[in-house]
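Good morning, and thank you for making time for this presentation. I would ask you to keep the sequence and the structure in view while I speak.

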Amino acid sequence: MQLDNFNSTDLRDPRGYSVKWHYHPQDVLPLWVADMDFPIAPEITQALLERLQGRIGYPKQAGDTQLLEAIIAEQAQKHGLTGLKPENLWLTTSVVPGIYAAVLGLSSPGDEIITLTPVYPPFLNAISDYGRVLKHSPMLRGSTWEIDFEGLEKLVTPATRMLMLCNPQNPTGRVFTRDELERLAEFAVRHRLWVMSDELWANLIYEGQHLPIASLNDEIAQRSVTLSGPCKTYNTAGLGGGVAISHNKALLERMKRATVGVMGHPNVMSMAMWLAGIESGQGWLQEVLAYLRDNRDFLSGFIRTQMPQVGYLAPQGTYLALLDFSGFPFAKEVYKVMLEQAKVGLNDGPPFGPGYQGFLRLNFATSRNILQEALERIVKVAQSVD
Ligand SMILES: Cc1ncc(COP(=O)(O)O)c(C=O)c1O
């Protein structure tokens, strides 16, 4: 249905709503912020129009029961996170406020929080913004990005309170395996850490199976809060919406208390969109996933043949790829070089954690034509600048 649209060379947002296309000058191809350039599922558009015919008054504070039940069923059927009731879910205005609520509710100033880097920058900001102490465990690069389990053990002190996990991982695209998650869960339980697992990308994976860490056993379920939301799956970031899920209701209560008065109530349009996505957007999602997988493979092939000097490990999920230009003479300036000379807008590495200067994050959720043109511009500049 939409594939012709996906292939269009001109996916610019003509109305100017999208920051992705309106942050840089017009001649820059924007492959940065994590939005897809594709139109949303027609079923979602329809549901939003229908919802507008009704009242837009205050919703129930806990959220629409139908949506809560749909999220519970999706978590159980797609991801194997079972045994949830509506009271195990807390709807948040979007996912980032859930990250901050977890830091505020599950730790105190001065506590240490461990996270694997590189990672989505708000993880790092949430830790430092509220006076917690960042303990970062850089992932190792083998045949894929790997968890440094020995390094993790060395990071723990009596002040370590929490592990913040991003799975599937932004920006590396890793989808952690059962074995890795079991080791992480054992680590968290043994050190009595709370676990915040941001699983917002769970529906966008190409290989393997997404596994919520909280689904592994009761012990880790009692220590975990899982965050999810609709925006990556359905390309609806502008509508917000998120959920914090825990089998341990006391953890949700702590997060609610820590953010009382600032989280706001659920948004009715966001809930209508999310429900329509779960109930009627799965055909659209399958088409999008197939297109993204092909783009991922195209990107992998392009780097292998045209830019083999660029460090790259193919993402297993997300539509993000981390490119390592640190071996290039212009590594320190790579973001600026690509923006000003190649006219491609990417995300710079340093916000993803200490040690990622020379890295760029590329968003491949665009038409193949735009992706190809951007890569050709990048390779041309990479070969010419020294
Ligand atoms: C891991 C992760 N969490 C949260 C978000 C943002 O979620 P929201 O827009 O719902 O706050 C993103 C956006 O890219 C993300 O990659």
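Let me begin with a definition: a residue is called buried under 20% relative accessible area, exposed over 50%, and partly exposed in between, with a 1.4 Å probe and protein chains only. By that scale Tyr-130 is partly exposed, with a relative accessible area of 38%, whereas Tyr-100 counts as buried at 18% relative accessibility.

Before I go further, please note that this is a predicted model, in which local features need pLDDT of at least 70, side-chain atom pairs count only at pLDDT 80 or more, and totals for chains, interfaces and linings use all residues. Residues are numbered from 1 along each chain as its sequence is written, and side-chain values use heavy atoms, with hydrogens and water left out.

Rings of Phe, Tyr and Trp (for Trp, the six-membered ring) pair if their centres lie within 6.5 Å; planes under 30 degrees apart count as stacked, over 60 as edge-to-face, and the rest as tilted. How many aromatic pairs does this rule give? The count comes to 10 aromatic pairs. Helices and strands here are DSSP runs numbered from the N terminus (helices H or I, at least four residues; strands E, at least two). Tyr-100 belongs to helix α5 (residues 95-106) and Tyr-130 to the loop between α6 (121-129) and β4 (133-138), so this pair ties together parts that are 30 residues apart in sequence. A further pair is that of Phe-325 and Phe-330: the ring centres are 6.4 Å apart and the planes stand at 40°, so the pair is tilted. Both of these phenylalanines are buried. There is also an aromatic cluster, formed by Trp-145, Tyr-356 and Phe-359.

I turn now to helix packing. Two packed helices are described by the angle between their axes and the distance between the axes. The axes are lines fitted to C-alpha atoms, for helices over the stretch in contact, and the angles run from 0 to 180 degrees between N-to-C directions.

Helix α5, which holds Tyr-100, packs with α6 at an angle of about 40°, the axes being 9 Å apart. The crossing of α5 past α6 is right-handed, a term used if the near helix is turned clockwise from the far one by less than a right angle, left-handed being the anticlockwise case. Which residues make the contact? From α5 they are Val-96, Ile-99, Tyr-100 and Val-103, and from α6 Pro-122, Phe-123, Asn-125, Ala-126 and Asp-129; contact means heavy atoms within 4.5 Å. By class, this contact has 7 nonpolar, 1 polar and 1 charged residues. For that division, Ala, Val, Leu, Ile, Met, Phe, Trp, Tyr, Cys and Pro count as nonpolar, Asp, Glu, Lys and Arg as charged, and the others, Gly among them, as polar.

Among the residues in contact are Ile-44, Ala-47 and Leu-48 of α3 and Met-269, Ala-272 and Met-273 of α12. The residues of this contact divide into 9 nonpolar, 2 polar and 2 charged.

My next topic is backbone geometry.

Two residues have positive phi although neither is a glycine: Thr-318, at about 70°, and Lys-343, at about 60°. Thr-318 sits in the loop between α13 (282-306) and β11 (320-324) and is buried, with a relative accessible area of 0%. Lys-343 lies in the loop between α14 (334-342) and β12 (344-345) and counts as partly exposed at 30% relative accessibility.
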